[in-house]
Amino acid sequence: MGFDRRDFLKIAGITAVSLGAKPALDAVLGDTAQAETQALRPGVSKAETWAMVIDTRKLTEEDIHKAIEACHSEHNVPDIRLPNHEVNIKEEVKWLWADQFDHVFPDHSQAFPYLSEEVEEKQFLALCNHCTEPPCVRVCPTKATFKRPDGIVMMDMHRCIGCRFCMAGCPYGSRSFNWGDPRPWIRKVNPKYPTRMKGVVEKCNFCAERLAKGQFPACVEAVESGALVFGDLSQPGSAVRDLLRKHNVIRRKPSLGTGPNVYYII
Amino acid sequence: MFEKTLTGSRLYFSWLFFLLVMVGIGTLAYLYQYFVGLKATGMSRDVSWALYISQLTFLVGVAASAVMLVLPYYLHNYKAFGRITVLGEFLAVPAVFMCMLFVFVDLGQPMRIMNVFLHPTPNSILFWDATVLNVYMFLNIIIGWTVLECERKAVKPPTWVKVLIYISIPWAVSIHTVTAFLYAGLPGRHMWLTAVMAPRFLASAFAAGPSLLIILGLILRKFTKFDVGQEAIRMLSKIVTYALIINMFLFGMEFFTAFYSNIPGHMHSLVYLFAGIHGHGVLVPWMWVSVSLAFISIILLVIPKTRNNNTVLGITAVMIFVALWIDKGLGLIIGGFIPNPLEQVREYVPTAIEILVTVGIYSLGALILTLLYKVVLSVKAESESGKIMAAH
Amino acid sequence: MYDSGKIITGLVIAIVILTFPFWWNMGSAMPPAPDPKLADKAKAAGQCIYSKAYMKTSHMQVLDDWRNMVVRDGVRYTLLQPGGDPIEMQVIKEGRSRLMAATNHLQLGAKGSQYEMSLQNTCMDCHSSKKEFCDQCHNYASVSPFCWDCHVEPEEKK
C-alpha cells in the first residue's frame, strides 16, 4: 500500500504545526510594535518618569482624608465593609491609604521605646510607587501589568487573569484584588470612569486618564496645601526635581532595588 | 489499553464511584466560587495565595519524584526498578494535572487562562512554570503509555522513547526548580528570598514522592496481585531517608541564617509559624507536628530494623508525607505572606468551599491515578503471566 | 451486532439531546427583529464616528483596537485631521500593522474631529440607552459581551 494511516497522520501533523506557526509567531513578536507607537500621543502629557513627592511635614490628617476620598471616588474604588460597618480588611480594595511610620517604612523602623506616641502614630500616605524596576511587572505572566514609557506602571484590566502573582511580588502591599463583585460596594459611581469586575487586580495608576487631559492626579489636586507634588523626574526644572534638590527624602524599602518613584520629605 | 479500565473487581468500582462523588461535590463547590468570586475562599488582600497554590507547590514535588525511579533504572541499570518506572510516570501524570487544576481554580478570571500563551512573557516565571508543567505531563503520558504498550506487545521500546526518557530526567528537576523560582525571586517576601528554596523543594520532593510510591506499592501488594518487589521498596526507603535528612538539614539552615543574623525581616515569618506573633498562631501546632513527625521518621528510617519492616515503613511513609505536606502545603506559602509587607499580622484560615474544591481536585487526581494504575496492572498481569508461560 | 440493545438506546438518547434546540422551539413564533433606537443626541449628530455599515460589522474590532491603544499604547485621543490621514492611518502606513488590523474603518471617520476613544464617554455619550440600543441586537443574537461588567453605562431614563 502506498499511502497508509501513518503517512496521513504525519502529513496532518506537519500541516497543523505550520498553520499554527503564524499565530504563535504573531503572539511572540506582536507586542514589539507597541513600543514604537508611544511617540504619537496628541493630547497626552509627555513625560519620561512621573514621580510624586510627599511633604509629610505639611500633610495633615484632613489632607490625607481628602486625598483618599478624591482618589477612591474618582476611580470607583469600592468601600467594602463588614456587617458591623468596620472595614473588611480581608477583601478591601485601596489605591491610596495611610498608616503609621513603622508600617509604611519598616526598613527605617522606629520601633524603639523612646519614641513619643504622637510621632509613632503619625499617619503617612502609601500608594503604588510606580517603581523604576517593578517586580510586579517582572512577574506578570500576561503583561497585564506593564511599565509605560512615561514611567507609570499600568494595569490592563482586560488582560488580567487574576493570578495575583503581582500581589505576591509587590514589596509594598500596594495592590488589591477584587475578591468579589465590587459594584455593590461603590458608594457613588463616577460615570466617567469604569469600575472593575471580580477577579482582577487593581492599584493606583497615577491618574493616567487625567494626565492624558493635562490634569494633575486627583489626590494631588485635592490636597490644597500643596503637600503632594507631582512631576517628571527627567526634567531638571520640574517641581519634583526642585524639591529633591532642596530636601532630604526617603523612599520605601530602597534596599530592594525597586527604585520607587514616590519620595517622602520627613 | 483503555478497555482495561472497564473491567475490575467490586472494590475497584466502589472506589471509583466514591471518587466520582467527591469530584462532583468539588465541582459544585467550584461553581459556587466561580459565580461568587474568590471571596468564597479564606484568601485576603494580605494572604493572596493560600491553599490552592500551596497544593500546586506540593504536588509539583510529588510529580518530580518520578525521576527517582527513572534515573536509577535508565541511567544506571538498576534492575529492581525496571518493572515499576511506569508506576512513577503514571503518578507524575495526575500529579501535574492536579497542579494545573489548582492553578485554574485559583485564578480570578479563569476563562482568560490562554492569555498566558497568547501573550508569552519570558521574564515571568509563571509563564515558564505553565510551559514546563505541560511539557512534563505530556512527556510522562507518552513515555509511560508507549513503554507499557511495548511491554504488552512483548517488543523492545523504540529509540525515540529512550530520547524522551533521557529528557524527562533533567526536566523533572526543572519543574520543581522553576516552581521554586516563583517564590525565590520575589524581593518583598523575606521568608522565600533564599537561595536554598530550590534545593529544599527538591529534597522534600524526593522524600515525599518516593514515600507515596512506597505507600502505593504496599497498597497494591495488599489489594491486588501486583508485587512491586521487596528490593524496590528497600531502595525507595533508602532514597527517602537521605532526601528527608537533607531536607531537614536545609530547613535547619534557614533557622540559623534567620536567627543568628537576628534580622527582623528574616525571623518574623518563622516566628509566626513556630511561636505565633501577638497571639496570632493558628499554624503553630501544625508546624510542630510536622517537624516532630519528620524527626521521628528519620529515626525510624535510619534504624535498619524499622526501615526494613514493611508495616513500620508504611506508617513512616505516611508520617513523612503528612509532615512534608504541612511544611510545603501549609507552612511555606501561608507563612511567606505573614507578616505582610507592612509588618502586620493578618491570618488565613481556609473556608469550607476552599477545602471542598481541594478535596474534589485530589479525588480527580486519585481517579486518574487509579485508572492508569489499573491499566498498568492489567497489562503486566497479562505480559508477566505470558513470560512465565513461555519460560515453561 | 453485539450489545445492540444498549447501543440503540444510547443512540436514541444522543439524537434526542443533540436535536433539542430544534424540536423544543418547534411551533413557537420567530422573535421580533432587533429594533435599536437612536437616542436624541445620536439623531442630532447625524453620523457616527465611522459609517453605520462599518460600525454594524466591525464595532467589536474598533472597540478592541481602542482598548489596546488607550490602555497599552497610551494613545487616548484619536485625531482625524481635515483632509489628512488619521493618526492610526499614519501608523499603518509606516508598517506597524499590529494596531489596526482592518484599515477600512479609518478612512470613513468624520474629518476634522478629535475624540476620546472611550466606550463609556464617547460612544455611550450619544447612544445613551443600553437597553434600547446595544441590547436590542445583542439579545437577539444571544451575545453577552462583558464590557459593561466594568464600563459604566449611562443611567437609563425612566
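An open sheet of four strands in chain A has the order β8-β1-β10-β9, with mixed pairing. Two strands count as paired if DSSP finds at least two bridges between them. β8 (228–232) and β9 (249–250) of chain A stand at the edges, each with a single partner strand, so one side of each has no neighbour in the sheet.

This is a predicted model: local features need pLDDT of at least 70, side-chain atom pairs count only at pLDDT 80 or more, and totals for chains, interfaces and linings use all residues. Residues are numbered from 1 along each chain as its sequence is written, and chains are lettered from A and ligands numbered from 1 in the order in which they are written.

**Sheet of chain A**
- Strands β1 (residues 50–55) and β10 (residues 262–265) of chain A run parallel and are joined by four bridges.
- A:Met52 has A:Val262 of β10(A) as its bridge partner.
- Helix α10 (residues 239–246) of chain A lies across β1, β8, β9 and β10 of chain A, at about 115° to β8(A).
- Such angles run from 0 to 180 degrees between N-to-C directions, with axes fitted to C-alpha atoms, for helices over the stretch in contact.
- Helices (H or I, at least four residues) and strands (E, at least two) are DSSP runs, numbered from the N terminus.

**Contact between chains A and B**
- Chain A gives 44 residues and chain B gives 34 residues; contact means C-beta atoms, placed from the backbone, within 7 Å.
- α7(A) gives the most to the side of chain A that touches chain B, with four residues.
- That side of chain A holds 22 nonpolar, ten polar and twelve charged residues.
- Nonpolar means Ala, Val, Leu, Ile, Met, Phe, Trp, Tyr, Cys and Pro; charged means Asp, Glu, Lys and Arg; the others, Gly among them, are polar.

**Domains of chain B**
- Chain B is divided into domain 1 (10–184 + 351–381) and domain 2 (191–200 + 223–346), with bounds from an automatic or database domain assignment.
- The centres of domain 1 and domain 2 of chain B, taken over C-alpha atoms, are 22 Å apart.
- Their contact takes 26 residues from domain 1 and 27 residues from domain 2 of chain B.
- On the domain 1 side, α2(B) gives the most, with six residues.

**Helix α3 of chain B**
- Buried residues of α3 (residues 67–76) of chain B include B:Val67, B:Met68 and B:Leu69.
- Buried means 20 or more other C-beta atoms within 10 Å of the residue's own, all placed from the backbone.
- Just after α3(B), B:Asn77 takes a positive phi of about 60°.

Methods: Contact = placed C-beta atoms within 7 Å. Buried ≥ 20, exposed ≤ 12 C-beta atoms within 10 Å, placed from the backbone.
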